[in-house]
Each structure stands twice: as C-alpha cells, then as structure tokens.
Amino acid sequence: MTASRARLLHLAVALVATTALVLQLVLVVSGSAVLDETRVPPLGLRLGRLVSYFTIQSNVLVTVTAWQLWRDPLRDGRWWRPVRLAALVGITVTGLVHFVLLRPLLHLEGADWLADKMLHMAVPLLAVVVWLLAGPRPRVSWRTVGEALVWPVVWTVWTLVVGALSGWYPYPFLDHRENGVGAVVVACVGITVLFLLLFAGATALDRRLRPVPDAAE
C-alpha cells in the first residue's frame, strides 16, 4: 500500500464521516431528527444532547483522524496514537451496539434513515476496512490501549451521572427506569468486555499485519 493510495482511502473515510455528521446536525437543527424525544426540545438542548451520543463522538474522532491521515498517511505522535485507536475501536463499538441493541428499536424514514445508516453502518465499516488496508501501523502498544480506554470510561460515568440528575439517557439500555439497575450493570459490563476484546484484537492485528503504508515511497 503506497502512501498516495492510503491518502485516497483516508479521504473517502473523511468525506463519508463528515457528510454523515453534517446531515445529522442539519436534521437536529431543523427539528426533523429529535433523536429519542417525542416532542422537539429547544435548540440548545437538542445540540447538547446530540454531542452526548457516543455515536456522534466516535464519528467525530474518525472524521478528525481521517482528515489528518489524508494530509499525512504516515502520521504518528505520542498523543495521536491513543486518539486514533480510540476512534477505530469506538466506531466499531458504535456499529456493533447499534446493530445488536438499537437497530430493532428504530423506525426511521427519508433523511433520518440515511443519516442513521451512514453514522452507524457506513462509517464503521469503511473506517475498519481502510485501517486494515492502509493503517497506519504499527501504532499500538498496551500503553496506547490504556490511554485510549480513558474516553469510553469517562463517557460512561459522565452519562450515568448526568442521566441520574436530569432523567435523560442517550441510550435506553443505560436507563435504569427501563429494566432496572441490574440490566444497566449487565449492559455496562457487556460493553466493557466488548471494548477490551476489540482493543486486544486491534493490538494483535497491529503487530501481526504488515506495516502500511510504505514509508519508502
């Protein structure tokens, strides 16, 4: 994989992810997509809740890192590594959790359906495939994994605390009023295990797959 080809692949990820985020933002601002609400909240509240979704945060991370890799497909750095790994694993979790837990609950049409599919299916699939093809790697160490874990842990704690205080949760499986505290604990443990497995898998692949792109180009 040459650097020039890798750059084109990262550009594709960046464009798709950016389009998905912009479309979702436009829908939320217009009041068309009000997420899990039955009535449209004030704009400031809609925007605050939009950025509270793990889906949105993971797509933002993918977008930012993909644009950076378009500029430099060999990009590296002390703090860039955990951000890139968090983006890759986070967007994978986004796709898997949506497919297993959330997809059956959604009944969307038109632009809302398109934004949902782009954020939860197209971007996760494209990001993982491009990482497999274009890297960059090797970039992962166990230290990198520990640093990348900070974001999902902080997000989970923050979401549960804010939800307990406000009564609003971005995902139904985190709402103790749905099926009880026990169900929330099980969901959190299950997703934590998923994260750990994906981090371990990414680390193993990063070490075993050949380095890409070709730095000698």
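# Close-up views of a predicted model

**Figure 1. Two buried rings, Tyr171 and Phe173****.** Tyr171 is buried, with a relative accessible area of 7%. The cut-off for buried is under 20%, so Tyr171 qualifies at 7%. Phe173 is also buried, at 17% relative accessible area. The model shown here and in the other views is predicted.

**Figure 2. Aromatic pairs, with Phe54 and Trp155 as one example****.** How many aromatic pairs are there? The count comes to 9. Phe54 and Trp155 form an edge-to-face pair. Their ring centres lie 5.3 Å apart, and the angle between the planes is 70°. Phe54 belongs to helix H3 and Trp155 to helix H7, so this pair ties together parts that are 101 residues apart in sequence. Both Phe54 and Trp155 are buried. Tyr171 and Phe173 have ring centres 5.5 Å apart and planes at 10°, so this pair is stacked. Ring pairs link a cluster made of Tyr53, Phe54, Trp151, Trp155, Trp168, Tyr171, Phe173, Phe195 and Phe199.

**Figure 3. Packing of helix H3 against helix H7****.** H3 covers residues 54-71, and H7 covers residues 150-166. The two pack at an angle of about 155°, and their axes are 12 Å apart. Are H3 and H7 roughly parallel or roughly antiparallel? Angles over 145 degrees count as roughly antiparallel, so H3 and H7 are roughly antiparallel to each other. The crossing of H3 past H7 is right-handed. From H3, the contact uses Phe54, Gln57, Ser58 and Leu61. From H7, Trp151, Pro152 and Trp155 take part. The residues of this contact divide into 5 nonpolar and 2 polar, with no charged ones.

**Figure 4. Packing of helix H4 against helix H5****.** H4 spans residues 80-102. H5 spans 110-134. H4 and H5 pack at an angle of about 135°, with axes 9 Å apart. That angle makes H4 oblique to H5. The crossing is left-handed. H4 contributes Arg84, Leu88, Ile91, Thr92, Thr94, Gly95 and His98 to the contact. H5 contributes Asp116, Leu119, His120, Val123, Pro124, Ala127, Val128 and Trp131. Which classes do these residues fall into? There are 8 nonpolar, 5 polar and 2 charged.

Figure 5. Most peptide bonds are trans. Where does Pro136 sit? Its place is the loop between helix H5 (110-134) and helix H6 (142-148). Pro213 is in the segment after helix H9, which spans 181-208.

**Figure 6. Ser4 and its separation from Leu88****.** Ser4 lies in helix H1, residues 3-30. Is Ser4 buried or partly exposed? Its relative accessibility is 36%, so Ser4 counts as partly exposed. In sequence, Ser4 and Leu88 are 84 residues apart. In space they are 21 Å apart, C-alpha to C-alpha. Leu88 is one of the H4 residues in the contact with H5.

Conventions
Residues numbered from 1 in each chain as written. Predicted model: local features only at pLDDT ≥ 70, side-chain atom pairs only at ≥ 80, totals over all residues. Heavy atoms only, no water. Axes fitted to C-alpha atoms, helices over the stretch in contact; angles between N-to-C directions. Helix = DSSP H or I, 4+ residues; strand = E, 2+ residues; numbered from the N terminus. Parallel < 35°, antiparallel > 145°, perpendicular 65-115°, else oblique. Left-handed = near helix turned anticlockwise from the far one by under 90°. Contact = heavy atoms within 4.5 Å. Nonpolar A, V, L, I, M, F, W, Y, C, P; charged D, E, K, R; others polar. Phe/Tyr/Trp six-rings, centres within 6.5 Å; stacked < 30°, edge-to-face > 60°. Buried < 20%, exposed > 50% of the residue type's maximum accessible area, 1.4 Å probe, protein only.
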